Amino acid sequence: MPRWFRLACCLLAWAAAPLLAQPLPPEIEAVLAQGELPRDSVVVLLAPAEGGPPRIAHRVDAPVNPASVAKLATTFAALELLGPTFAWTTPVYFDGPVRDGVLQGNLVLRGQGDPKLVMERLWLLLHQVQSLGVRSITGDIVLDRSAFALPPHDPAAFDGQPLRPYNASPDALLVNYKAVTLSFTPEGGAARVRAEPPLAGVQWPASVPLANGAECGDWITALAADFRNPAQVRFGGRFPAACGERVWQLAWPEPAAYTPRAIAASWRDMGGRLGGQVRDGTVPAGLKPAFEFASPPLAEVIRDINKFSNNVMAQQVFLTLSLQQRGTGSFEASREVLRTWWRERIGSEPPVTENGSGLSRTESFTARQLGQLLQVAWVSPLMPDLAASLPALGLDGTLRRQRQNVGLAHLKTGSLNEVSGVAGYVHGQQGRRWVLVAIANHPRRASAIRPAVQALVEWAARQQ
């Protein structure tokens with residue numbers, strides 16, 4: 001048994017016995033009371049990162065919805081099971097000979113879950129195709145997305161907001177998170193509209209009329225966007241002139257068609273010619289790849305996931321756990337992989353997970369479970385990779401707007417309509433590190449825990 005694993009077991013000895021309820025510090029009680037957040041809606045744990053009994057343990061065995069704090073389990077399990085240098089590859093196949101710049105057959109792309117195939121990297125992939133002498137394709141561009149076995153996805157099912165980017169679904173060949181960025185720039189009596197990336201066959205209005213007024217207000221609703229025909233989007237309203245230049249990021253309303261449209265447009269814009277169409281299919285048996293396009297390493301990917309709480313990237317990583325171990329990525333298989341890893345590595349009953357991103361009404365963690373996870377991670381050789389992926393208080397990611405206690409903590413945030421919380425590390429005096437978990441589940445006042453988190457960070461940082 002590795003020395004660090006034995007050390008972790010010793011450091012977590014406090015977890016083997018029930019914790020005595022320890023009172024919240026008076027200043028924390030006062031902040032919760034001021035925010036009218038009931039104490040029985042909150043879980044709080046503060047414990048030494050290197051192990052040992054906690055300083056604060058409030059309702060640590062009460063199951064709560066963690067929201068995006070659940071990404072801690074997904075990303076640390078991935079670091080351990082896949083390794084920080086793990087990279088996704090997208091094999092590219094030429095199903096036919098290449099003569100005089102013409103591929104006489106199909107170009108086949110096999111997706112294997114790359115979470116970071118954004119437009120810039122798609123351009124690099126297609127540029128590599130052209131560097132191998134292919135300027136024209138007589139057949140089709142075939143997309144093999146069979147690596148993931150996914151259930152039907154309704155982007156409106158979670159909260160009735162199908163155009164929100166956080167509701168985008170995973171895909172074995174995920175391109176640009178299935179997202180479109182619309183920019184609106186007032187010019188004269190109208191706002192010029194620009195859409196990125198271009199999608200083949202999709203027409204956008206060149207402009208939308210301006211509405212005069214002193215306030216910007218809910219400018220997205222004011223546009224009255226009509227996506228009933230995704231190939232020809234219309235705006236039935238006006239853009240408020242008081243808004244100035246604005247950007248709207250949205251999930252494409254026709255998710256299954258996003259990747260084919262994006263690839264077709266990119267190939268055309270690069271000067272490539274296509275005789276057929278972009279369609280779904282599979283790699284012909286026995287065909288060898290012309291090359292494999294690699295993603296950034298996992299350690300870099302989880303920085304995007306945790307710092308910016310990217311749901312679809314987290315789900316891509318979660319599905320990769322079972323893809324790598326069992327040959328096909330599915331949510332059910334990845335849940336089992338995570339449960340097995342948790343029992344063997346964390347040494348306790350695993351939490352309830354659904355899709356690995358925290359975008360769920362059924363995922364359930366306790367503060368004790370999250371504390372155990374963070375303590376094991378702290379004594380792991382992979383601690384620097386996980387800790388560096390967490391938002392730094394007041395500096396970057398989802399915590400960049402905080403103006404108090406700047407730099408005193410690295411915390412993963414989580415937020416849903418009835419959930420708000422954090423979990424991570426607080427940097428105390430003389431190099432002391434503390435594990436902090438603070439999550440509220442309340443139908444109306446969950447966000448009131450945020451001032452309490454600030455107070456907890458200050459309190460922890462002062463501890464000797």
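Me: Is Q430 buried or exposed?

Reply: Relative accessible area tells you: under 20% is buried, over 50% is exposed and anything in between is partly exposed, using a 1.4 Å probe and protein chains only. Q430 has a relative accessible area of 80%, so Q430 is exposed. Keep in mind that this is a predicted model, where local features need pLDDT of at least 70, side-chain atom pairs count only at pLDDT 80 or more, and totals for chains, interfaces and linings use all residues. Residues are numbered from 1 along each chain as its sequence is written, and side-chain values use heavy atoms, leaving out hydrogens and water.

Me: What is the phi of Q430, and where does Q430 lie?

Reply: Most residues other than glycine have a negative phi, and most peptide bonds are trans. Phi of Q430 is positive, near 55°, and Q430 lies in the loop between β20 (419-427) and β21 (433-441). Those labels come from DSSP runs numbered from the N terminus: helices are H or I with at least four residues, strands are E with at least two. E36 also has a positive phi, near 55°. E36 sits in the loop between α2 and β1 and counts as exposed, because its relative accessibility is 58%.

Me: Which residues does a cis peptide bond join?

Reply: E196 and P197, with omega about 0°. You'll find P197 in the loop between β10 (190-196) and β11 (207-211).

Me: Which residues of helix α2 are buried?

Reply: In α2 (residues 26-34), the buried ones are I28, V31 and L32. Looking down the axis of α2, they fall within an arc of 100° (taken from the directions from the helix axis to the C-beta atoms), so they line one face of the helix. On the other side, P26, A33 and Q34 are exposed. The buried residues of α2 pack against β1 (42-48) and α12 (449-462).

Me: At what angle do α3 and α9 pack?

Reply: Each axis is a line fitted to C-alpha atoms, for helices over the stretch in contact, and angles run from 0 to 180 degrees between N-to-C directions. Under 35 degrees counts as roughly parallel, over 145 as roughly antiparallel, 65 to 115 as roughly perpendicular, and the rest as oblique. Helix α3 (residues 71-82) and helix α9 (residues 331-345) pack at about 75°, with axes 11 Å apart, so they are roughly perpendicular to each other. Contact means heavy atoms within 4.5 Å, and the residues making this one include F76 of α3 and W341 of α9.

Me: And how are α3 and α7 arranged?

Reply: They are roughly antiparallel, since α3 and helix α7 (residues 298-308) pack at an angle of about 180°. Their contact involves K71, T75, A78, L79 and L82 of α3 with L298, I302, I305 and N306 of α7.

Me: Which residues touch the most other members of the largest nonpolar core?

Reply: In soluble globular proteins, nonpolar side chains tend to be buried together. A nonpolar core is a set of buried Ala, Val, Leu, Ile, Met, Phe, Trp, Tyr and Cys residues joined through side-chain atoms within 4.5 Å. The largest one here has 60 residues, and F76, L298, W341, L373, Y425, V437 and I439 touch the most other members. A second, separate core of 47 residues includes V92, L103, L125 and I263.
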